[in-house]
Each structure stands twice: as structure tokens, then as C-alpha cells.
Amino acid sequence: MTDLTKLTIADARDLLKKGDITSRELTEAHIEAVEAADALNAYIAKTPEMALEMADKADAKIKAGEQTGMTGIPVGIKDLFATKGVHTQACSHILDGFKPEYESTVSQKLWDDGAVMLGKLNMDEFAMGSSNETSYYGPVKNPWRRGDTDTVPGGSSGGSVASVAGFAAMGATASDTGGSIRQPASFTGTFGFKPTYGRCSRYGMVAFASSLDQAGTITRTVRDGAIMMESIAGFDAKDSTSVDLPVPNFEAALTGDIRGMKIGIPQEYHLAGMPGEIEALWHQGIEWMKAAGAEIVDINLPHTKYALPTYYIVAPAEASSNLARYDGVRYGLRETVQGGGLVDMYEATRAAGFGDEVKRRIMIGTYVLSAGYYDAYYLKAQKVRQLIANDFKRAFEKVDAILTPTAPSAAFAPGEKSDDPIAMYLNDVFTVPASLAGLPGSSVPAGLDANGLPLGLQILGKPWDEETVFKVSGVMEEAANFTAKPAEWWR
Amino acid sequence: MSNYRIQGATGDWEVVLGLEVHAQVVSNAKLFSGASTEFGAEPNAQVSLVDAAMPGMLPTINAECIRQAVRTGLALGAQINKFSVFDRKNYFYADLPQGYQISQFKHPIVGEGTVTLDMGDGKTKDVGVERIHLEQDAGKSMHDQHPQLTYVDLNRSGVALMEIVSKPDMRSPEEAGAYLTKLRTILRYIGTCDGNMEQGSMRADVNVSVRKPGDPLGTRCEIKNVNSIRFVRQAIEYEAQRQVDILEEGGVIDQETRLFDPSKGETRSMRSKEEAHDYRYFPDPDLLPVEFDDAFIEAARESLPELPDDKKARFVEELGVSDYNASVLVGEKESCDYFEDLLSALAEKTGKPAQKLAAKASNWVMGDLFGALNKASKTVNESPVSAKQGADLLALVEDGTISGRIAKDVFEIMFETGKDAEVIVEEKGLKQVSDTGEIEKIIDEVIAANPAQLEQYRAGKDKLIGFFVGQVMKATGGKANPGMVNQLLKPKLDG
């Protein structure tokens with residue numbers, strides 16, 4: 001065999017089945033790759049011993065004829081997912097030393113299928129960020145560089161995309177609140193998939209904004225995404241917002257046939273000042289869809305321009321409450337003040353434990369929920385959120401899927417936007433509306449910009465119609481024929 | 001209307017009272033987790049990952065708690081809201097692990113209802129219930145376990161509470177007490193709260209304001225967490241007087257939260273309106289709205305036992321129990337259960353209809369049984385004589401086996417030994433003599449032994465019949481059937 005880390009999940013699955021490779025071999029190769037990829041800072045905790053143990057179990061499972069899609073496949077887990085006995089801190093200082101006694105449902109489902117854990121992946125602190133620069137464990141580097149210049153991997157799932165794009169994991173769990181799967185996927189030439197809100201259990205996921213948070217996957221191909229999504233999806237009685245629907249065979253949806261399908265193009269996504277390359281790529285995507293036999297339909301999503309401000313009220317409001325539990329009383333960081341009381345401990349702990357971006361969002365969230373402001377901000381935002389959802393609902397009466405750019409730019413350099421929160425927030429301008437509406441969506445690598453950096457196109461579907469998103473993504477992937485690879489400078 | 005007034009230099013003051021009662025829901029598990037709710041476990045022994053607010057943990061609604069709230073609403077004749085919402089009430093405290101309490105704010109599960117108070121002499125007063133909502137209890141901070149540190153026990157964290165909010169309809173400490181008493185009785189009857197105020201499973205926040213009769217409502221103060229009915233009355237008396245004193249001196253009442261100190265019998269300020277929390281309520285995004293259908297409500301309704309007011313009416317109207325007896329018996333569920341068990345056992349044993357037995361049985365429970373229990377400082381549940389045993393005793397009286405007087409002696413022995421009435425009657429040979437021949441024989445002996453009295457009787461002093469009855473009873477050790485003695489004695493005396 002050549003380099004096992006270059007295999008797709010689907011290829012590895014077939015080789016494992018045939019007995020050409022073992023999970024142990026595959027895992028050992030990936031443990032080496034993880035070690036070699038330290039320069040990316042994608043992993044903040046490595047679990048090689050666990051990985052080998054799990055690999056051996058997977059090999060036994062395969063031998064026993066009990067292989068499923070993810071059996072024996074080495075993956076990375078975003079630090080947001082609770083993993084029993086292993087570093088789970090959402091990359092925040094305030095959760096210092098926290099190792100839970102429990103496993104998130106999403107990761108448990110992977111282990112039940114025999115997947116192998118390589119370690120925990122870096123992310124923006126509490127998933128708040130679009131460049132992975134807010135992590136307490138330092139920024140993640142994008143395997144793709146702009147010449148000799150580093151770029152950010154996007155965020156918040158920066159470790160997830162960097163590990164997968166950098167061949168240090170075959171797939172990774174990720175989470176999307178306003179674009180945290182799709183935007184980094186676009187920045188790294190990976191396939192990011194966010195299912196319908198309620199498709200995956202949030203049990204054991206460190207909460208950022210409960211009404212938006214949704215688990216998903218980062219893989220190198222659409223097929224791999226379908227295989228991994230099928231493993232992690234499903235109803236969970238422990239999460240009241242998860243929905244009791246059967247999980248379809250996502251891989252079976254990859255028929256390659258979208259003839260007669262109607263693809264919507266939202267006119268409001270033509271942003272003034274958007275780079276020409278993005279417009280051009282979008283146009284190219286439209287042409288690919290047409291060529292594959294789909295019908296292109298112009299649609300309107302009139303409330304799109306309110307999506308970002310709405311998101312930046314709803315998400316911080318929920319976050320301000322979700323993050324109240326980090327108080328130094330029961331776990332994680334505790335800072336005390338000599339002679340001080342409870343309030344002093346709260347203040348010292350939270351001042352030391354949270355980074356600037358997290359503090360900013362807690363303050364925004366606290367403000368918009370305050371007496372006298374609730375109606376003007378939070379309540380109004382909820383109403384606008386409904387209008388945005390209605391926009392999509394109306395559009396989906398006419399079309400089967402929607403095609404847009406994933407992000408308004410390619411990966412940027414570290415520090416370029418970190419001093420300007422608004423510029424940073426604009427990264428999510430195309431992804432946030434679907435998050436507010438709870439829709440399934442993907443980012444498919446579709447091309448390179450002038451600097452040789454990847455660009456993705458976003459495909460959105462109706463609620464619970466992940467199959468169409470996969471189907472269209474598969475056709476897009478084939479048409480785009482994105483074969484570019486980053487130079488492996490980190491090895 | 002209550003006549004309770006506080007006399008001030010400027011005239012009479014009326015007290016206006018509203019209560020917020022926190023009643024711990026009787027349920028298998030906490031409101032949003034599977035942890036046990038039993039009282040008295042080791043600190044932090046009944047804490048799930050959800051209760052401790054570990055990262056990534058999610059609440060899931062315990063349907064039993066919803067059902068109990070609906071049952072409570074139905075028992076108070078209240079509106080049941082088929083759509084209700086759980087909100088987060090945000091504030092920081094060491095015994096509030098999530099940093100917010102899950103409660104209901106805009107859309108409570110139960111709307112307006114009524115509690116009817118018995119004000120004595122058959123008088124009643126209706127107190128309006130504004131709403132009932134479900135919420136989580138907090139844990140317990142223990143400040144007395146360590147010189148510098150506070151310990152936190154999370155056993156109570158997440159236990160379901162019903163907050164039952166009254167309208168400001170009460171006008172005296174007695175009415176407030178009667179309201180709490182009645183509410184407690186109802187909750188205990190339907191089994192939605194054990195009403196145990198000492199263990200904190202029922203607590204009251206008392207809103208007190210005063211005004212000149214006819215004036216608009218005054219500024220109120222809220223006295224937090226009062227945990228006995230007696231303290232509620234005391235707190236109101238003190239607080240109302242305090243407010244009157246301030247107003248009479250030309251002062252104004254600051255709207256504030258106060259605490260009642262039972263050892264001093266006074267209230268003191270806890271926090272002012274300015275220090276009040278901004279709870280930043282918003283719908284909990286981890287939970288869906290609570291929705292149920294009419295069938296759920298009907299099933300809850302069918303699960304309700306007979307309610308105290310209905311029961312009392314039935315006792316009086318159908319069973320012929322006195323109004324007073326019925327009120328007392330119904331007031332405590334245990335007493336009532338005892339009475340009803342006794343009555344049905346008695347009816348079965350004697351084959352007589354309950355209506356014929358109820359008045360006597362109620363007198364026995366209220367008199368003999370309660371008297372003995374009181375003397376022994378025991379509750380009904382601790383009674384050494386079970387309802388079945390009591391019924392057996394009364395059945396012996398009913399069928400003439402023993403006299404009512406002997407029954408009192410037998411009961412005393414039963415109460416001491418726990419033995420059955422039949423056994424005692426047998427052992428001590430207390431069976432009533434109802435054999436005509438035997439009684440006649442004794443009568444003859446008594447008449448023969450008292451010729452002087454016989455002569456006086458026959459001379460017209462017919463009251464002496466009592467003397468002869470007494471002598472016959474004495475000769476039989478009280479066992480002679482008094483009715484038969486009377487019946488047989490007269491013709492013999494008359495000659």
C-alpha cells in the first residue's frame with residue numbers, strides 16, 4: 001500500500017472489508033500523521049493508545065462480519081463533544097482540566113459503529129469565531145497557504161477541517177451554529193455537512209446557542225460525508241429537540257442524477273463588493289447544475305439582509321445563559337480572591353477563564369435579554385427569524401435545493417480580521433440564514449481562487465431532506481473535479 | 001369580608017395579603033432528570049449530570065410532573081393550559097448549578113382557579129388562584145459546615161416545584177393561615193405534594209401591604225420562604241404593623257424582599273427593589289413547549305380522588321355526620337381515611353347501611369380515638385388501634401355483645417395492647433348478658449335483697465328504678481344488657 005492516510009473513508013471501508021488492510025494499520029498510519037501535523041495545531045489532545053485499542057476491536061468486528069460504514073475508520077472529535085475520560089473543554093480556559101464522566105451521543109454512535117478516535121480537535125473557544133483564532137490552545141493553521149503566508153482554516157471547526165485537509169484524520173465531527181462547519185470546509189477544500197436541526201442529538205455537546213447548534217461532519221468527499229453522517233444521526237430521548245425520524249441511507253442518495261431537479265438561486269446573495277472570483281465560481285456552479293440536467297430557478301429570500309443581525313442577537317442571548325454554568329463552583333477553572341466571597345470568585349474565574357470574543361458575546365446576550373430591551377431585541381429577532389424561515393419555506397415550494405457561495409472570501413491570513421468583529425461576522429453571511437431556519441446544508445469544494453486557495457459552494461435543502469443535499473453535492477463534486485491538494489509543508 | 005383591622009392613630013388599617021406557595025411535586029423523579037427526589041439522603045447522593053449542570057447536559061421533561069400540575073389545577077377548579085412554555089430565569093448563585101432556573105413565565109401550565117376557605121360556622125370565603133407554574137428547585141447552600149467555606153448540597157437541585165400564586169384576596173393572618181391549610185389539605189388529598197412544611201416541601205412567600213379600607217392597594221413587601229402556617233401568621237402580624245407604623249409617621253413603604261426571623265418574630269430587609277435581579281427570562285431553547293390534548297386532561301381528572309369539599313358535603317348530607325365532625329375529619333387526610341375505612345368495615349361487619357352508623361362512628365373517632373391519641377401524643381397513622389379493629393369494637397356494641405360503657409374499657413385495653421376487641425371481651429368475660437332467664441334471676445335476687453327500697457318504690461317513689469338498674473348492673477359486672485334490664489325490671493317492681 002501507499003499512503004493509507006490518503007484513502008477516502010469509502011475506499012478504506014472496502015479495503016477493510018476485503019481484508020487488504022486492517023484498522024490497526026490504518027490507525028497506525030494516522031497516528032503518525034497526527035504526530036507529523038503538529039505544526040497545524042489541529043489536535044489539542046491525542047489519544048493514540050485508545051485509538052489502537054479501538055482499532056483492534058474494530059478489526060475483530062470486521063472479522064466477525066459486523067462491519068458498518070465507519071468501522072475501523074480513524075476520526076478526530078471536535079473538543080466540543082464530551083468524550084469520557086478525555087479532554088473536553090470547548091477549547092476554553094474556563095474548562096481547564098475537565099474530563100467528563102460521560103460520552104456525547106454523536107461520538108458514542110461513532111464508537112458503537114467501531115470508529116477509532118485519534119484525539120480532540122482544536123476549535124474557536126465555545127465555537128465562537130470564524131477563524132479558529134479564539135481558541136485558548138492557540139490558532140489552527142490552514143494546510144492551504146497563500147504562497148508562503150499562513151492562512152486561517154476558518155471556524156469554529158478549524159481543527160476538524162485542518163485535520164481532514166491535512167490527512168491527519170479521515171473524517172472529523174464538527175458543529176455548526178451559524179456556519180462553523182460550512183465556512184471552514186470552504187476554506188480548506190473539504191466537504192462540510194450540517195444536517196437539519198434536530199437530526200443529531202446535542203446530548204454531550206458543549207452548548208453555544210441551543211436553538212442553532214447542530215452536529216455535522218467534515219470529510220474529504222461527499223460519499224464519506226454520507227457514510228459518517230449516517231453514523232452520527234438519529235433520535236435521542238436525551239435531547240428534547242432531536243426528532244424521532246428514521247435515518248435514511250444517505251449514501252444511497254448519491255445517484256448522480258439530478259435531471260429535472262429545480263435548483264434555486266437566491267438573488268439577495270449577490271452581495272455588493274463580493275470578490276469577482278466568488279461570483280464567477282457561483283456562476284460556474286450554476287452551469288454545472290444545468291449541464292447535469294437541473295433546472296435553474298431564480299428565487300427571492302427577501303429577509304436575508306436581516307439574518308446576520310438576527311443571528312447576533314439570538315446566538316449571544318442563548319450563549320449568555322448557556323455559559324452561566326461556568327462559575328468555578330463545580331468543575332473547571334476556579335480563581336479565588338484573598339478574603340473575597342462568592343461574587344468575587346465568579347468575577348475572577350470568569351474574567352480569567354473566558355477569552356475576549358466569548359466575553360463580548362456574553363455581554364451582547366445579557367444586554368439583549370435585559371428588562372426593557374428584551375422586546376426590542378430578542379423578541380424582535382425571534383420574529384425576524386420566523387420571517388427568514390418563511391422565506392425559505394416559500395422558496396422550497398418552487399425548488400428542491402438552493403445553490404449559493406459558502407463564504408464571501410477565501411481563507412484570510414491570521415490577524416487580518418481579528419480586530420474587527422463585524423468583518424469577522426460577515427464570514428457567515430451566506431451560512432447564517434439556513435442556520436436560523438434549521439435547514440440542512442453542505443459546502444462542496446468547487447475551485448481555487450487566484451492565490452490557489454480553495455473555495456466552496458453551498459447547497460441547502462428542505463428540512464429533513466438531507467438526501468437531496470447529498471445528491472446535489474455529489475453531482476457538484478463530480479463536475480468540479482476538485483483534485484487540488486495542499487502542499488504538505490507541515491509534514 | 002374579614003373584620004381584621006390594625007388600629008392606628010389615624011384610623012383603622014386593612015391588610016391585603018397574597019401568597020406564593022412553593023409546593024414540591026410528589027413524583028418518581030426530578031422535573032428534568034431521572035434523579036430520585038427522596039428526602040433525607042446523604043448530601044449530593046441524588047444528583048444526576050443534568051442536575052449538576054455538567055457541560056453538554058440537557059433537560060428532558062418528566063411527564064409525571066406535568067400530570068401532577070394538571071391534577072392540581074383541576075382540583076382547584078382552574079383553567080388548564082394545553083400549551084405552556086418553560087423559560088429560563090437567569091441569576092447566579094452557588095446552589096443554582098445552571099446559572100438559571102427553568103421555570104414558566106409567560107405561559108404557565110395552569111391559569112385561574114379558586115380555593116374555598118372554611119371560616120367556621122359553615123361560612124366560607126373564596127380566594128382566587130392567579131396561576132400555577134412548574135419550576136426547578138435550587139440546591140441548598142450550607143454556611144455552617146466550615147469556618148470559611150460554603151458547602152453545597154444539590155440533592156434538591158432540579159426537584160419539581162409548583163408555584164401556586166394567589167390573588168391578593170386575603171385580609172387577615174387567619175385567612176392566610178386558612179388558605180395555606182386548605183391548600184395543603186387539597187394537595188395531600190390528591191397526592192401532588194406531601195405538604196410537609198418542616199422538611200421544606202411546602203413553603204410560602206407572603207406579600208403584605210396595608211391600606212385604609214376603600215383605598216387603592218398599598219406598596220407591598222414580599223416575605224420570602226416562610227415554612228410554617230404559624231410563622232406565616234406571625235410574619236404577617238409583624239409586617240403589617242411595621243408598615244402601619246411607617247405610614248402613620250408619614251413614611252413610605254419601600255417595595256422590597258424581606259425575611260422572617262422566627263426566633264425574633266420579626267421581618268428584616270433582604271434586598272431592595274434596586275437590588276432586585278433582572279432575571280432575563282427567555283424561553284428555554286433546550287425544551288419544546290409543553291402541549292397535551294383533552295384526553296390527557298380527562299385522564300388526569302379521572303385519577304383525582306373525591307376532593308375535601310365534596311367529601312365534607314357527602315358526609316353531612318348523605319351520612320348524617322355533624323358539620324363540625326365532617327370539617328375536622330376532612331381537614332386531615334389521614335383522619336378521613338381512618339374514618340372511611342372504619343365506616344366501611346363496620347358496615348360490612350354489621351350488615352347495616354353506612355348512613356345508620358356514620359354519626360356514631362364519627363363521634364367515636366372524634367371522641368374516644370382522638371382523645372386517646374392526643375393523650376398519647378400520637379398521630380392517626382401511629383394509632384395502635386387500626387380502623388379495622390375500631391370497626392370490630394363498634395360492631396360488638398352494635399350487635400349488643402357489649403355495652404357502650406364496656407366498649408370504652410375494651411378500647412382502653414386495645415389502645416394499650418393492640419389486641420382485638422373480640423379477644424379482650426372473651427379473655428375478660430365482658431360479653432353482655434342478654435339471656436332473659438339469667439337477667440330475671442339476678443333481678444329477683446336484687447329485689448329480694450332490697451325490700452326497703454322496693455317498698456318505697458311501690459309507695460310512689462318510682463325514680464328508685466334507677467337504683468335497681470344500678471344494682472343489677474353491679475351484680476353483673478356491667479355486662480347485663482341495659483335495655484333488657486329496664487324492660488324486665490319494671491313489671492317485676494310493679495309486682
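A salt bridge (a side-chain nitrogen of Lys or Arg within 4 Å of a carboxyl oxygen of Asp or Glu) links A:R202 to B:D286, with the closest N and O atoms 3.1 Å apart. Across the interface of chain A and chain B, the rule finds 1 such bridge. The model is predicted, so local features need pLDDT of at least 70 and side-chain atom pairs count only at pLDDT 80 or more, while totals for chains, interfaces and linings use all residues. Side-chain values use heavy atoms, with hydrogens and water left out.

The contact (heavy atoms within 4.5 Å) takes 37 residues from chain A and 30 residues from chain B. About 2800 Å² is buried between the two chains, and carbon and sulfur atoms give 59% of this area; buried area is the accessible area (1.4 Å probe) that two parts lose on being put together, summed over both. In chain A, the residues losing the most area to chain B are A:Y102, A:S240 and A:R325, together 22% of what that side buries.

A:V368 counts as buried because its relative accessibility is 3%, where buried means under 20% relative accessible area, exposed over 50% and partly exposed in between (1.4 Å probe, protein chains only). Leaving aside residues up to four places away in sequence, A:V368 touches A:I313, A:A317, A:Y373, A:Y374, A:Y377 and A:Y378. Of these, A:Y377 lies in helix α12 (residues 375-395) and, at 31% relative accessibility, counts as partly exposed.

Conventions. Residues numbered from 1 in each chain as written. Chains lettered and ligands numbered in written order. Helix = DSSP H or I, 4+ residues; strand = E, 2+ residues; numbered from the N terminus.
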